[in-house]
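Thanks for taking a look at this one with me.

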There are 2 protein chains.
Amino acid sequence: MNGEKNVSLAVIKRLPKYYRYLGELIDVDVSRISSKELSERLNITASQIRQDLNNFGSFGLQGYGYNVELLYEEISRILGLNKDHNIIIIGAGNIGHALINYSDFTNRGFKFIGIFEKDPNLIGTKINNIDIYDINTLENFIQGKNVDIAVLAIPKNSANYITKILYKNNVRGIWNFSNVDLKAGKNTKVEDVHLMDSLMTLSYKINEKEIIERYTNKKLLITKR
Amino acid sequence: MNGEKNVSLAVIKRLPKYYRYLGELIDVDVSRISSKELSERLNITASQIRQDLNNFGSFGLQGYGYNVELLYEEISRILGLNKDHNIIIIGAGNIGHALINYSDFTNRGFKFIGIFEKDPNLIGTKINNIDIYDINTLENFIQGKNVDIAVLAIPKNSANYITKILYKNNVRGIWNFSNVDLKAGKNTKVEDVHLMDSLMTLSYKINEKEIIERYTNKKLLITKR
């Protein structure tokens, strides 16, 4: 094994769930949990949990289970939560507002250091004590500060222009709330949050029975007009 | 095939992406696209796209490709977007605010009909012209109106109590922004949006190289304390 080994995205996406649940156990003073119990509560097979964690080393002891606090700390390190991250927000709209007021992020070491806006009425004001700067000063700001993550909370038609600046200046990660799929840059990772897609998925789920019935009763063919 | 047939969640989760991209093509007046082009733009194999759509019928013609507008309309129907959905929001905090001000939802037929809060200072006021009601009137409200979707935007310690009311009154779907995993109810589907998990996933991605190096150089064993 070497530093180039990659862990699959599916594994990574399960880690926050483990972390969240272990945190809940700590809150109620549970210090030890068997892989069977962990599996039942998370609705993930014990062997899947073992496999996931084995990407990072050996956790748990046969016949004992997991030490909750140690496993929590290890997963925290695996998720990079043992260090602070500087975040900027692009777009002082509703999403930007919601995120900056969400104290859970700050508690995990995600520190907001600036907001960037094009609206002259907002530039120079603050949200939750964080300064709102002119979007035109973005590149200068990034070059002068250590920006780990940029939150993209602007309409999709401005997203391309801004992401070019972020890629060019090697911002390490983009947390993308704009309604567009972004490709990762050479030195920039991307995590998309598509709220509209999520709502559409729910819409499908609640209408599924009717939808499936319609499509199985009706043979559809899209023809050339 | 019958009405009980289920389509896998992975397929459903790709449909909004197809829908979004086809909408972009319509915006720039593209009327026809080959499965090859569609595949390249979406970074999904052509056979995967065909398989996904085949769950709902035959789309596209060999040698012609897809009629963009017709496929867009069909996917819109598959996602249940051909009809309106009534939405209530539980919690008038930052997330509630952000969602209610997000016009894309309204444009797709998702209609906000009420917000529920326990804060007496907010009850009786409005956000974006939608009334904020006392959370204690929630059950009455649901029984009197046709509520399709409830957005859960409250802290996790209140989530259980509220979801019981939603399940009991057969609200069709819960869009869950609370930091807890919800199980679907008998007649209630659930779609989770875990923003903290998403940010942690990004944190992992930007720190991955260092994390993998640390864990491959160091054999870890959690021992009994």
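Predicted model: local features only at pLDDT ≥ 70, side-chain atom pairs only at ≥ 80, totals over all residues.

Here are my points, going from confidence to the interface and then to the sheet.

1. Chain A has an average pLDDT of 89, with 94% of its residues scoring at least 70.

2. There is one stretch to treat with care. Across residues 219-225 of chain A the pLDDT stays under 50. The model still gives that stretch 24 contacts beyond four places in sequence, but I'd read those with the score in mind.

3. Now for the interface. How many residues of chain A are in contact with chain B? The count is 90 residues of chain A, against 90 residues of chain B. Between them the two chains bury about 8,700 Å², and carbon and sulfur atoms give 61% of that area.

4. Polar links cross the interface too. There are 31 residue pairs in polar contact between chain A and chain B, counting pairs with both residues at pLDDT 80 or more. Several elements of chain A give two or more residues to the side touching chain B, among them helix H1 (9-27), helix H4 (68-78), strand E3 (85-90) and helix H9 (195-217). Which one gives the most? That would be H9(A), with 22 residues. Sorted by class, this side of chain A has 41 nonpolar, 21 polar and 28 charged residues.

5. Side chains of opposite charge can pair when their charged atoms come close. Over all chains the count is 24 salt bridges, and between chain A and chain B it is 10. One example is Glu24(A) with Lys156(B), at 3.8 Å from N to O. Glu24(A) sits in helix H1 of chain A and Lys156(B) in helix H8 (residues 156-168) of chain B, so this pair joins two chains.

6. In chain A, 7 strands make an open sheet with mixed pairing, in the order E5-E6-E4-E3-E7-E8-E9. Which strands are at the edges? They are strand E5 (126-127) and E9 of chain A, each of which pairs on one side only.

7. You can find Phe116(A) standing opposite Tyr133(A) of E6(A).

Terms used: Residues numbered from 1 in each chain as written. Chains lettered and ligands numbered in written order. Heavy atoms only, no water. Contact = heavy atoms within 4.5 Å. Buried area = accessible area lost by both parts, 1.4 Å probe. Salt bridge = Lys/Arg side-chain N within 4 Å of Asp/Glu carboxyl O. Polar contact = N/O pair within 3.5 Å; in protein donor to acceptor, adjacent residues only side chain to side chain. Helix = DSSP H or I, 4+ residues; strand = E, 2+ residues; numbered from the N terminus. Nonpolar A, V, L, I, M, F, W, Y, C, P; charged D, E, K, R; others polar. pLDDT = per-residue confidence, 0-100. Pairing = 2+ DSSP bridges.
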